[in-house]
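The exercises below concern backbone geometry, accessibility, contacts and pockets. Work through each task before reading its solution.

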Amino acid sequence: MDTLRSAVRGSVLLPGDPGFDAARRPWNLAVEQPVAAVVEAADADDVAALVRHARSAGLSVSAQPNGHGATGRAAGTILLRTGRLDTLEIDPAARRARVGAGVPSGRVQAAAAPHGLTGLPGSSPVVSVAGVALGGGLSWFGRAHGWVADAVTAFDIVDAEGRRRHVTAGSDPELFWALRGGGGDFAVVTALELALHPAPRLFGGRVLWAGGHAPEVMDAFRRITAGAPDELTVWLDLLHFPGAGTMVAVDATYLGGADAARDLLAPLDRLAPPLSDSRRVMAVSELGGITAEPTDPGPGLSRAELLTELDDAAAKSLLADPIAPLLSVQLRHLGGAFTRPSDTPQGPLTEPYALYMFGIPADPATAAAVAGRQRAFAESLPVSGRKPLTFLNPDESAADAFGPAALERLRAVKRQYDPDGVFRSNVPVGS
């Protein structure tokens, strides 16, 4: 650590330095990151210099643009912030984007829109594209186009020797496969290239009711998703915010015109009058406003599951009791392109629904109650046992996201490209 400041051009913070504690905090403030140092790299060459220094000193590097997905496994590492790697280039003719590791999803949508193009946006515009792609990536448009990782055509990386490299399916097929959804345990990604799609006509928004209407809203959600075309994505949210009564919401996006969207969502219009209805024709860059996820860090405890079905028994279990002390229970309809072949570690996603449960651990007793409520939901529902990598919580491992064959293949890539463990991701693949 004595020579770290002279090894890189970016900022270096060590324990005891002013600002160190703030710099090491992840997005989820309930996760601790007792790291040895925090480095904000100036550029890709700086990343390479840092990796060479860490390797020579017998240290590991944990890369995070802004801390999303942190699990607490970065203890003792050099925490690498890649937020300054913010290059963004749009090639309209090739329908391709080159995206720096620190670029958030919303910025890609805003830059691509004037060219009539779009990436595959997630629910939050502030999460980095690189982080989403490394974890596979569940997008609003995934039912039409598959995993975000499926759209990646190349990576710019720094390998475990501290060398900058351009990785494609042709140059390094195994490493390319692992990076497209296997996590960040194999290299530091400094930029990626991804295919863009023609920007769709888009209709979307949220319809919100008082919680007493949850049974009929659930029925409508099930009817809509049972026959939904791939262009339609619908999520259901059970909500209970502090100081407010229970609520239930349906979030939707449709890649097409308003008339067709309203026809597909007509079961919602036959329900009781909602508290609010924000559905409208919108730009892709406005998608983050549908769920209005927090854009600032905060504490949270989450758990996700994939459901094999949403039959009468599962729907009844979800609504049998109040969700408290959870703040939200979200059901995402999957299917469509997610079920098709995918040359990624996650492969095809055949489960039709994803369940995401979230609460705030205000104190140890509340944290235990939140975890207990999440566990009770999971035990009462038809879950597959598999989970998307980006939805894993700190108590879960790569074995919860990948099948045995994919996990062993990922471990073989780790042994080949980083045998000394220079890199430690949020979810290491193990030996």
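**Exercise 1.** Does Ala-292 count as buried or exposed, and at what relative accessibility?

Solution. The model is predicted: local features need pLDDT of at least 70, side-chain atom pairs count only at pLDDT 80 or more, and totals for chains, interfaces and linings use all residues. Residues are numbered from 1 along each chain as its sequence is written, and side-chain values use heavy atoms, with hydrogens and water left out.

Step 1: take the cut-offs, with buried under 20% relative accessible area, exposed over 50% and partly exposed in between (1.4 Å probe, protein chains only).
Step 2: Ala-292 has 56% relative accessibility, so this residue counts as exposed.
Step 3: Ala-292 belongs to the loop between helix H11 (288-291) and strand S17 (301-307); helices (H or I, at least four residues) and strands (E, at least two) are DSSP runs, numbered from the N terminus.
Step 4: the phi of Ala-292 is positive, about 50 degrees, although the residue is not a glycine.

**Exercise 2.** Which loop holds Arg-95?

Solution. Step 1: Arg-95 sits in the loop between strand S5 (88-91) and strand S6 (96-100).
Step 2: its phi is positive at about 55 degrees, and Arg-95 is not a glycine.
Step 3: with a relative accessible area of 43%, Arg-95 is partly exposed.

**Exercise 3.** Locate the cis peptide bond between Ala-324 and Pro-325.

Solution. Step 1: the bond from Ala-324 to Pro-325 is cis, and omega is near 10 degrees.
Step 2: Pro-325 lies in the loop between helix H12 (312-319) and strand S18 (328-333).

**Exercise 4.** Which residues is Leu-264 in contact with, leaving aside neighbours within four places in sequence?

Solution. Step 1: Leu-264 is part of helix H9 (residues 258-264).
Step 2: with contact meaning heavy atoms within 4.5 Å, the partners of Leu-264 beyond those neighbours are Ile-224, Pro-229, Leu-232 and Tyr-254.
Step 3: Leu-264 is partly exposed, at a relative accessible area of 29%.

**Exercise 5.** Which residues lie closest to the centre of the second largest pocket?

Solution. Step 1: the second largest pocket holds about 240 Å³ of space.
Step 2: 14 residues line this pocket, and the closest to its centre are Leu-301, Ser-302, Asn-393, Pro-394 and Asp-395. A pocket is an open set of points on a 1 Å grid over the protein atoms alone, where a 1.4 Å probe fits, with protein on both sides within 12 Å along at least five of seven lines; lining residues have an atom within 4 Å of a point.
Step 3: S17 and helix H13 (364-380) each supply at least two lining residues.

Conventions
Points joined across faces, edges and corners; volume = space filled by probe spheres on them.
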